[in-house]
Amino acid sequence: VSLVELGVPSGEPRCLAAAETVLAWLTGDGHRRGVRTIDGLVGEPAAQEAADRTAELFLEHRLFRTLAGGAPIHPAFVVVHYPPFWHYDVLQALVVLARMGRAGDPRAADGLELVERRRLADGRWRTAGRWWRPPGSPGSNVEAVDWGTSPSELVTLNALRVLRAARRLEERSDAAA
């Protein structure tokens with residue numbers, strides 16, 4: 001996915017080698033032994049119920065706040081990351097809620113305002129944190145590319161999607177008119 005998002009041409013030999021390395025790890029016995037299998041179909045009612053309960057949990061916490069006092073649950077939750085991988089932050093929570101048709105829920109307002117405040121003067125958004133380490137770093141979580149923190153087309157796209165899904169873009173346009 002990272003290679004596609006970077007616009008790497010198909011057949012690029014160095015990228016094919018990197019993809020093969022990751023795929024070999026993902027399909028290897030060592031990794032597969034640790035993957036739990038969930039019994040059920042994608043359209044399974046229990047899966048929808050679980051997704052709805054999760055959305056309720058997100059919304060009950062206004063996406064990133066503690067129930068007692070309202071402070072951020074974790075500092076990383078209020079920082080936009082890209083790529084998000086499997087981690088949580090307010091923008092990713094809003095992306096999920098938007099896909100479920102729930103981004104307009106009033107309890108998402110804090111998260112939407114946080115995303116709106118992070119918009120740059122030129123209308124784009126940038127990442128403010130990362131879950132990865134730059135190429136050449138020792139240890140794990142080393143990416144094949146340095147995603148940087150410059151304005152991000154994909155963070156901007158996701159921010160615009162969630163604001164539109166919550167009808168925040170139209171409201172601002174109507175108010176300005």
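Tutor: Start with a cut-off. Buried means under 20% relative accessible area, exposed means over 50%, and partly exposed lies in between. Take R107: its relative accessible area is 30%, so R107 counts as partly exposed. Keep in mind that this is a predicted model.

Student: How confident is the prediction, and where is confidence lowest in the chain?

Tutor: The mean pLDDT of the chain is 88, and 91% of the residues reach 70 or more. Confidence is lowest in helix α8, residues 168-176, with a mean of 59. It is highest in α6, at 97.

Student: How many helices and strands are there in the chain?

Tutor: Eight helices and zero strands. The C-alpha trace spans about 50 × 45 × 30 Å along its principal axes. Of the 177 residues, 28% count as buried.

Student: How do I read one helix?

Tutor: Begin with the general idea. An α-helix has 3.6 residues a turn, so residues three or four places apart point the same way. Now look at α5, residues 90-99. Its buried residues are V90, L91, A93, L94, V95 and L97. The cover over them includes α4, α6 and α7.

Student: What caps the N-terminal end of α5?

Tutor: D89 does. One of its side-chain oxygens lies 3.1 Å from the backbone nitrogen of L91. After α5 comes G101, with a positive phi near 75 degrees.

Student: What should I look for in the interior?

Tutor: In soluble globular proteins, nonpolar side chains tend to be buried together. Here the largest nonpolar core has 27 residues. L63, V90, L91, L94 and V115 have the most contacts inside that core. Two or more residues come from each of α4, α5, α6 and α7. The most come from α5, which gives six.

Student: Which residues does V115 touch, leaving out those up to four places away in sequence?

Tutor: V115 touches V90, L91, L94, W125 and A159.

Student: Is T156 buried or exposed?

Tutor: T156 is in helix α7. Its relative accessible area is 9%, so T156 is buried. Leaving out residues up to four places away in sequence, T156 touches G123, R124 and W125.

Student: What about charged side chains?

Tutor: Side chains of opposite charge can pair when their charged atoms come close. A search of the whole structure finds seven salt bridges. One of them joins E12 and R14, at 2.9 Å from N to O. R14 has 66% relative accessibility, so R14 counts as exposed.

Student: Which parts of the chain does the pair of R62 and D110 link?

Tutor: First the pair itself: R62 and D110 form a salt bridge, with their closest N and O atoms 2.7 Å apart. R62 sits in the loop between α4 and α5, and D110 sits in helix α6. They are 48 residues apart, so the pair links distant parts of the chain. R62 is partly exposed, at 33% relative accessible area.

Student: Let us return to R107. With which residue does R107 form a salt bridge?

Tutor: With D105. The closest N and O atoms are 3.0 Å apart. D105 has a relative accessible area of 17%, so D105 is buried, whereas R107 is partly exposed. Salt bridges that share partners join E56, R102, D105 and R107 into one network.

Definitions and conventions
Residues are numbered from 1 along each chain as its sequence is written. This is a predicted model: local features need pLDDT of at least 70, side-chain atom pairs count only at pLDDT 80 or more; totals for chains, interfaces and linings use all residues. Side-chain values use heavy atoms; hydrogens and water are left out. Buried means under 20% relative accessible area, exposed over 50%, partly exposed in between (1.4 Å probe, protein chains only). Helices (H or I, at least four residues) and strands (E, at least two) are DSSP runs, numbered from the N terminus. Contact means heavy atoms within 4.5 Å. A polar contact is a pair of N or O atoms within 3.5 Å; within protein, one must be able to donate a hydrogen and the other to accept it, and residues adjacent in sequence count only if both atoms are side-chain atoms. pLDDT is the predictor's confidence in each residue, from 0 to 100. A nonpolar core is a set of buried Ala, Val, Leu, Ile, Met, Phe, Trp, Tyr and Cys residues joined through side-chain atoms within 4.5 Å. A salt bridge is a side-chain nitrogen of Lys or Arg within 4 Å of a carboxyl oxygen of Asp or Glu.
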